[in-house]
Amino acid sequence: MGDTMYTPPFRYLEGGTPEDWFGRLPTPCYILEERALRHNGEILAGLAERTGCRVLLAQKAFSNYDLYPVLEPYLAGTEASGLYEARLGAEKMPGKEVHVFSAAYRDDQFVELLHYADHIVFNSPSQLMRFGRQAKVAGRSIGLRINPEWSTQDGHDIYDPCAPGSRLGTTREQWNALMTDEGKALLDGLHFHTLCEQDADDLATTLKAVETTFGDILPQMKWLNMGGGHHITRPGYQINLLEDCIRTAQKKWNVQVYLEPGEACALHAGYLATRVLDVLTNGNTKIAIVDTSAACHMPDVLEMPYRPPLFGSGEAGARPYTYRLGGPTCLSGDVIGDYSFDKPLEAGDLLLFGDMAIYTTCKTNTFNGMPLPDLYVRHETGTIEELCHFGYDDFHYRLGK
Ligand SMILES: *Cc1c(COP(=O)(O)O)cnc(C)c1O
């Protein structure tokens, strides 16, 4: 059995091949795995039950609202990055909490935002002073994002809100210089978000930094939101240590703790099916062009960057036939990665990428006029249902009248 066969990204697909499971679907397409979402939900609900913390879905990572009814029983609500996600959360997970954080809010949207969101987190004392009173009068709970200036990620500045010069979160120095008594009186909670795909040991050291920088403020707060980036549903995650962190914060500061994971809610909960269009050789490099694109359909492969899991494949050289997989676009760097197989690839072969629910379906684009992958769900009963079908119009309507 191969290194990427039936591992967590594919554990619900035992006994068959991608062709057996998804061969009749048009490619490229995403298939969301309902069982995986429920599995994640159960882990998060257990955490909430044991500790009393509340867990929100960070919608920017996963916003396929047709599946919200699967996650909804396990969560306290949603987290939004602005007006549209706040509205989506309010409408698609009705009756649950809607928290919002944006680096800056707009005058022309704030009234509407207050309609959808019950917890408003500001990025700076100036934003708090600009909008905080209005939010308070509307009965909303008000928070400030802090920057504990504690980087736990090496060489990953694009995902490090604690990097020098960061625009995200209020440092203690900024607080001391700018925070007024009126601003302080408006605050119900503090928020920090500094992790990305990390374990609880990094949260533990971050909490120490939070205590050092804002420990005198926290006892006056009702809640503390520890953001996302907690890889809670990854096998091997130190959930006991996370629970210790939550209980310590509850005891020390008497706060309601919130977590707002995105990845952990929908980790390993989707696939991207693609077919090989052509196979070629350049010098020593064998190349397969597939009908999906890293740039258009899995942009984090290039941004993060990372190498997505692929069913039935190994690292380059691990199996007899190694190929560089790339998309049909003009971008030289539209390369998904190097993978090895037991058999040579041929045009028409169906390949299945794993962990394609998070930061994928919500990040697609039609660069080069690439079609958007259709979207399916594989229900717990095994039946497959189409959620979205895309065509030329979806490319066309964003570009003119
Ligand atoms: C991105 C983000 C999250 C979710 O992060 P994950 O890494 O997907 O868990 C939560 N809160 C805020 C403020 C974020 O920016």
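**Figure 1. The two domains of the protein chain.** In this predicted model, the domain assignment divides the chain into domain 1 and domain 2. Domain 1 is made of two stretches, 8-32 and 269-396. Domain 2 runs over residues 52-266. The C-alpha centres of domain 1 and domain 2 are 33 Å apart. Their contact draws on 15 residues from domain 1 and 16 residues from domain 2.

**Figure 2. The interface of domain 1 and domain 2.** The size of an interface is often given as the accessible area lost when the parts come together. Here, domain 1 and domain 2 bury about 1,300 Å² between them. Carbon and sulfur atoms account for 61% of that area. Look on the domain 1 side for Met-304, Ile-358 and Tyr-359, which lose the most area to domain 2. Together these three residues make up 45% of what the domain 1 side buries. How many salt bridges does the rule find across the interface of domain 1 and domain 2? The count is zero.

**Figure 3. Helix α6, residues 125-137.** Helix α6 has 13 residues. From its first C-alpha to its last, α6 reaches 18 Å, close to the 18 Å expected at 1.5 Å a residue. Where is the kink in α6 centred? Find Phe-131: the kink there is about 50 degrees. After the helix comes Gly-139, with a positive phi near 85 degrees.

**Figure 4. Thr-366 in its loop.** Thr-366 sits in the loop between β14 (350-354) and β15 (374-378). Is Thr-366 buried or exposed? Thr-366 counts as buried because its relative accessibility is 8%, under the 20% cut-off. Setting aside residues up to four places away in sequence, Thr-366 touches Leu-372, Phe-395 and Arg-398.

**Figure 5. Arg-247 in helix α10.** Arg-247 belongs to helix α10, residues 239-253. Its relative accessible area is 34%, so Arg-247 is partly exposed. Beyond its neighbours within four places in sequence, Arg-247 is in contact with Arg-50 and Thr-51. Now find Ala-45. Arg-247 and Ala-45 are 202 residues apart in sequence. In space, 16 Å lies between them, C-alpha to C-alpha.

Definitions and conventions
Residues numbered from 1 in each chain as written. Predicted model: local features only at pLDDT ≥ 70, side-chain atom pairs only at ≥ 80, totals over all residues. Heavy atoms only, no water. Helix = DSSP H or I, 4+ residues; strand = E, 2+ residues; numbered from the N terminus. Expected span 1.5 Å × (residues − 1). Bend = angle between axes of the 7 residues up to and from the residue. Domains from an automatic or database assignment. Contact = heavy atoms within 4.5 Å. Buried area = accessible area lost by both parts, 1.4 Å probe. Salt bridge = Lys/Arg side-chain N within 4 Å of Asp/Glu carboxyl O. Buried < 20%, exposed > 50% of the residue type's maximum accessible area, 1.4 Å probe, protein only.
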